[in-house]
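The sequence and the structure are shown first, and a description follows.

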Amino acid sequence: MQLETVERIIQQHQAQKSALIAMLQDVQNEFSYLPQDVLKHISRTVGVPLSRTYSLATFYSSFSLKPRGRHPIGVCLGNACQVKGAGKILEKFERQLDIKCGCTTPDLNFGLQATRCVGYCGLAPVVTVGRDLHSKVNLNKVGQILKQYSKEAAPVKG
Amino acid sequence: MPYRIQLMVCGGTDCVSNRSLEFRDALQKEIEKRALDKEIQVVATGCNGFCGVGPVMVVQPDGIFYQRLTPKDVPLLVEEHFVKGKPVKKLLYVPPGTDAPVPKMMDIPFFSRQTLVALRNRGLLDPEKIDQYLASDGYAALTRALTQMTPEEILDQVKISGLRGRGGAGFPTGTKWEAVRAAEGEPKYLICNGMDRSILETDPHSVIEGMLIGARAMGARWGVVYIRNEYPLASKRIHMAIDQARERGFLGENILASGFSFDLSVSQGAGAFICGEATSVVEVVEGKMGEPRTRPPHLAEKGLWGKPTCLSNVETWANVPPIISRGGKWLAQIGTEKSRGTKIFSLVGKLKNTGQIEMPLGVTLREIVYEVGGGIPDDKKFKAVQIGGTTGGIIPSQLIDTPVDFENLAKVGSMMGSGTVVVMDEDACMVDVARSCLSFAQDESCGKCTPCREGTKLMLDILTRITEGHGMMEDLESLEGIAKIVAETSACGLGTTATNPVLTTLRYFRDEYVRHIEAHKCPAHACRQLNTYRIDPEICSQRGHGCGVCRRECPEKAIIGEKNQPHRIDVNLCSKCGTCLDLCHFHAVIVE
């Protein structure tokens with residue numbers, strides 16, 4: 001099933017070398033990370049060295065070589081958000097999820113990243129969860145956000 | 001039969017995230033329920049600009065401005081204003097420091113002080129409907145350019161306008177167009193650097209039209225719009241606009257039967273700040289890592305796929321149609337002698353009015369911060385402003401009368417950059433701000449050139465030590481020395497500008513650095529390792545009644561106390577995270 005999906009993605013971009021980034025974006029959206037096997041398969045099919053595909057996978061922050069979780073949380077640490085207390089919001093997420101920034105919870109429900117400026121400075125502090133944007137986040141909203149996306153009674157520190 | 005009222009509800013990302021579309025849906029439902037839909041039209045527009053008070057709506061043709069709207073407000077609005085004709089006072093905007101609402105949008109200083117060129121259609125049309133763009137004279141400039149002007153005449157008007165690149169570097173656009181036109185190599189390409197989402201969300205056709213006119217002047221055949229992956233709404237709208245333009249014959253072969261052909265595609269970024277740099281964008285479009293190219297050759301000679309390429313910021317392209325419609329001289333009258341025209345600024349940070357504005361170049365920081373921005377909230381003191389983005393220089397409050405144009409910003413150590421204006425008040429620590437900005441630059445450094453890759457790391461290490469209380473006075477000289485090398489020898493704008501926050505804070509706020517190093521104190525209490533936290537026992541017991549919230553939330557279990565008794569912090573266990581300070585509503589936690 002994974003191979004079929006990857007083949008479909010490659011063919012949608014006509015296996016063009018110039019579309020490598022777009023292919024990796026589709027894989028990231030599909031699997032929430034870039035599996036090693038998939039990188040190898042794409043490299044072979046498109047006809048580029050694995051080192052080139054790997055360099056793209058590690059250069060761009062929207063790609064991850066490890067699963068990012070069902071609900072990847074991004075806390076913006078751009079300057080406008082920093083000025084409004086984003087650092088403390090990140091720390092509260094770390095405490096509540098009991099993971100460090102850059103990691104994923106053991107049940108793979110949440111991943112936590114610090115992002116650079118996402119370009120929504122008027123809404124600072126900004127937190128993204130997947131494609132959802134949460135604006136003017138404060139310390140009290142951290143728990144509300146986690147509750148919104150928790151599927152079951154996942155172990156969350158209160 | 002024309003509508004008697006049009007309700008322009010803001011559908012920009014900022015208002016949408018505050019549920020403006022729910023408000024719009026409730027409004028539409030109520031209007032239909034009351035059988036008013038033949039006389040009242042609801043339109044979801046692009047960003048109105050006044051993001052700080054969203055969701056917003058403008059009632060046309062009277063221009064009445066409503067703010068902070070929720071679906072609960074709908075019945076009252078419809079009954080009182082749209083049926084009985086009486087605007088609802090409690091939903092109108094009240095300027096800070098006053099009591100009286102200001103009903104009309106153009107009487108509100110946030111709007112009346114602006115001059116809209118790139119954002120000329122802001123709030124006036126649905127960006128997803130080409131017919132509304134056409135009804136606002138959309139593609140009329142293109143028609144004029146293709147049917148009444150030669151490519152040289154188009155180029156002349158852009159040169160006369162004095163337009164300079166709005167991506168940050170301010171390179172004269174006419175000169176760039178001339179170089180691409182004269183360069184050898186086919187096909188020629190145009191690229192739109194979509195690092196800024198506002199125009200693409202609000203008026204995407206203006207960018208397409210600008211690129212079409214540019215293509216005609218330079219002889220380009222293909223164009224690419226590069227867009228950050230963090231901008232899904234902008235991406236959706238530019239894709240839609242390109243499809244619509246193609247359907248109507250504004251893109252493709254033999255446009256308007258002129259014999260001229262041009263088409264556009266979209267390239268999406270994958271998350272890297274460096275990809276705002278012109279040559280990096282070209283690398284990304286070619287499917288590679290976004291490492292900047294060595295220049296020369298410049299993109300005008302050898303750009304995308306080795307062919308002559310004109311790469312400009314989205315705001316630059318959006319300026320082109322009015323230059324052709326109204327003439328280059330018209331734009332040249334706005335702004336200053338060397339910085340003609342307007343610039344879009346994002347007002348963010350510690351300001352009463354945050355949002356997006358377009359002002360004539362040469363306006364002062366004072367006007368931006370106080371007259372448009374409304375000043376600093378919570379009676380705090382204005383301390384500094386960073387202009388141009390995270391690698392922009394930081395300007396102190398005493399330079400508030402600096403005119404904002406390319407030359408004057410460079411003189412004070414800053415830059416136009418992206419036009420982001422981050423306002424900081426007395427609670428900001430300038431050393432910590434410099435550290436945070438440098439951390440960003442260091443993280444985003446592509447690693448290709450040694451000065452940027454190693455130099456930013458060295459500077460960051462020094463700044464981190466200073467904010468943690470381990471700085472030495474020699475560090476200040478080291479910082480300046482390393483910054484000079486990085487600024488002069490880096491391969492691209494990221495490295496050369498990464499030093500701006502450091503150098504400007506050393507220039508204007510040196511005393512704060514000295515305090516951190518010699519006294520091990522952070523005057524703004526932002527550098528937590530230099531703080532000591534204690535609980536005032538009187539406030540805790542008399543006001544807080546020993547509520548225990550801080551004790552329960554303290555991650556180190558460093559707070560001791562019983563309910564209804566004053567609490568205290570064990571400094572040996574305290575990690576100085578500041579959680580207790582943030583949570584205590586009674587202000588019993590004191591920072592020293």
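What percentage of the 158 residues in chain A do buried residues make up?

## Chain A

The model described here is predicted. In chain A, 44% of the 158 residues are buried. The chain contains 7 helices and 4 strands, and its elements follow one another from the N terminus as α-α-α-α-β-α-α-β-β-β-α.

The domain assignment gives chain A two entries, domain 1 (2–59) and domain 2 (71–149). The centres of domain 1 and domain 2 of chain A, taken over C-alpha atoms, are separated by 28 Å. Of the contacts in chain A between residues at least 6 apart in sequence, 61% join residues at least 24 apart.

## Chain B as a whole

Chain B has 25 helices and 17 strands. Its radius of gyration is 27 Å, close to the 25 Å that the globule rule gives for 592 residues, so chain B is as compact as a globular protein of that length. Along the principal axes, the C-alpha atoms of chain B fill a box of roughly 85 × 65 × 40 Å.

Buried residues account for 54% of the 592 residues in chain B. Among the contacts of chain B between residues at least 6 apart in sequence, 70% connect residues at least 24 apart.

## Domains of chain B

Chain B is divided into domain 1 (5–108), domain 2 (130–332), domain 3 (342–425), domain 4 (430–519) and domain 5 (532–591). Between the centres of domain 1 and domain 5 of chain B, taken over C-alpha atoms, there are 44 Å.

## A four-stranded sheet in chain B

In chain B, 4 strands form an open sheet with mixed pairing, in the order β2-β1-β3-β4. The edges are held by β2 (40–45) and β4 (64–66) of chain B; each has a single partner strand, so one side of each is left without a neighbour in the sheet. From one strand to the next, the twist averages 20 degrees.

Strands of a sheet pair through backbone hydrogen bonds, in either a parallel or an antiparallel manner. Strand β1 (residues 5–10) and strand β3 (residues 57–60) of chain B run antiparallel and are joined by 4 bridges. Within this pairing, B:Q6 has B:Q60 in β3(B) as its bridge partner. Helix α2 (residues 20–33) of chain B packs on the sheet and touches β1 and β2 of chain B. The direction of helix α2 of chain B makes about 170 degrees with that of β2(B).

## Helix α17 of chain B

Helix α17 of chain B covers residues 430–444. At 1.5 Å a residue, its 15 residues should span 21 Å, and the end C-alpha atoms are 21 Å apart, which agrees. Of the 15 residues of α17(B), 13 are buried, so this helix is largely enclosed by the rest of the structure.

## Where the chains meet

Contacts between the chains involve 43 residues of chain B and 35 residues of chain A. On the side of chain B that touches chain A, the elements that give two or more residues are α1 (13–17), β9 (342–349), β13 (420–425) and α17 of chain B. The largest share of that side, 5 residues, comes from α17(B).

Definitions and conventions: Residues are numbered from 1 along each chain as its sequence is written. Chains are lettered from A and ligands numbered from 1 in the order in which they are written. This is a predicted model: local features need pLDDT of at least 70, side-chain atom pairs count only at pLDDT 80 or more; totals for chains, interfaces and linings use all residues. The radius of gyration is taken over C-alpha atoms; the globule rule is 2.2 Å times the number of residues to the power 0.38. A residue is buried if 20 or more other C-beta atoms lie within 10 Å of its own, exposed if 12 or fewer, and partly exposed in between; C-beta atoms are placed from the backbone. Two residues are in contact if their C-beta atoms, placed from the backbone, lie within 7 Å. Domain bounds come from an automatic or database domain assignment. Two strands pair if DSSP finds at least two bridges between them. Axes are lines fitted to C-alpha atoms, for helices over the stretch in contact, and angles run from 0 to 180 degrees between N-to-C directions. The expected span of a helix is 1.5 Å times one less than its number of residues.
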